[in-house]
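Please look over the fold, the confidence and a few residues of this protein. A short report follows.

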Amino acid sequence: MFITALFSLIILIVCVALMSISIILKKGGTFPSMHISDSVALKSRGIYCAATQDRMAAREKNIYECIEIK
């Protein structure tokens, strides 16, 4: 059990080190943003995060639709 956990930890450390090589070696290197609104490909297709889509939908409603009781 201990050998398996140690082996897993070593593999994890090596993977993180390999993924961060470009960030460590570049001057001012940062991890890329994983947020939907920062993706150029998704923006060109008109895809936004859920919070942005909710705000856009709320702007399109008029006052009577917003206060309508169901």
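Which pattern does the protein follow, read along the sequence? The pattern is α-α-α-α-α. The model is predicted. The protein has five helices and zero strands.

**Confidence**

The average pLDDT of the protein is 81. A score of at least 70 is reached by 87% of the residues. Confidence is highest in H1, at a mean of 94. Confidence is lowest in helix H5, residues 63-66, at a mean of 66. Where pLDDT is low, the predicted coordinates should not be read in detail.

**Surface and burial**

The protein exposes about 6700 Å². Carbon and sulfur atoms supply 68% of that area. Of the 70 residues in the protein, 6% are buried.

| Residue | Relative accessible area | Class |
|---|---|---|
| Cysteine 15 | 38% | partly exposed |
| Serine 20 | 12% | buried |
| Leucine 42 | 23% | partly exposed |
| Cysteine 49 | 12% | buried |

**Serine 20**

Where does serine 20 lie? Serine 20 sits in the loop between helix H1 (2-19) and helix H2 (21-25). Is serine 20 buried or exposed? Serine 20 counts as buried because its relative accessibility is 12%, and the cut-off for buried is under 20%.

**Leucine 42**

Leucine 42 belongs to helix H3, residues 40-45. Its relative accessible area is 23%, so leucine 42 is partly exposed. Which residues does leucine 42 touch, not counting residues up to four places away in sequence? Leucine 42 touches Ile36 and Ile47.

**Cysteines**

A disulfide is a covalent bond between the sulfur atoms of two cysteines. How many disulfides does the count give? The count comes to zero disulfides, with a cut-off of 2.5 Å between cysteine sulfur atoms. Cysteine 49 is buried because its relative accessible area is 12%. Cysteine 15 has a relative accessibility of 38%, so cysteine 15 counts as partly exposed.

Conventions
Residues are numbered from 1 along each chain as its sequence is written. This is a predicted model: local features need pLDDT of at least 70, side-chain atom pairs count only at pLDDT 80 or more; totals for chains, interfaces and linings use all residues. Side-chain values use heavy atoms; hydrogens and water are left out. Helices (H or I, at least four residues) and strands (E, at least two) are DSSP runs, numbered from the N terminus. Buried means under 20% relative accessible area, exposed over 50%, partly exposed in between (1.4 Å probe, protein chains only). Accessible areas come from the Shrake-Rupley method with a 1.4 Å probe; for residues, only the protein chains shown count as cover. pLDDT is the predictor's confidence in each residue, from 0 to 100. Contact means heavy atoms within 4.5 Å.
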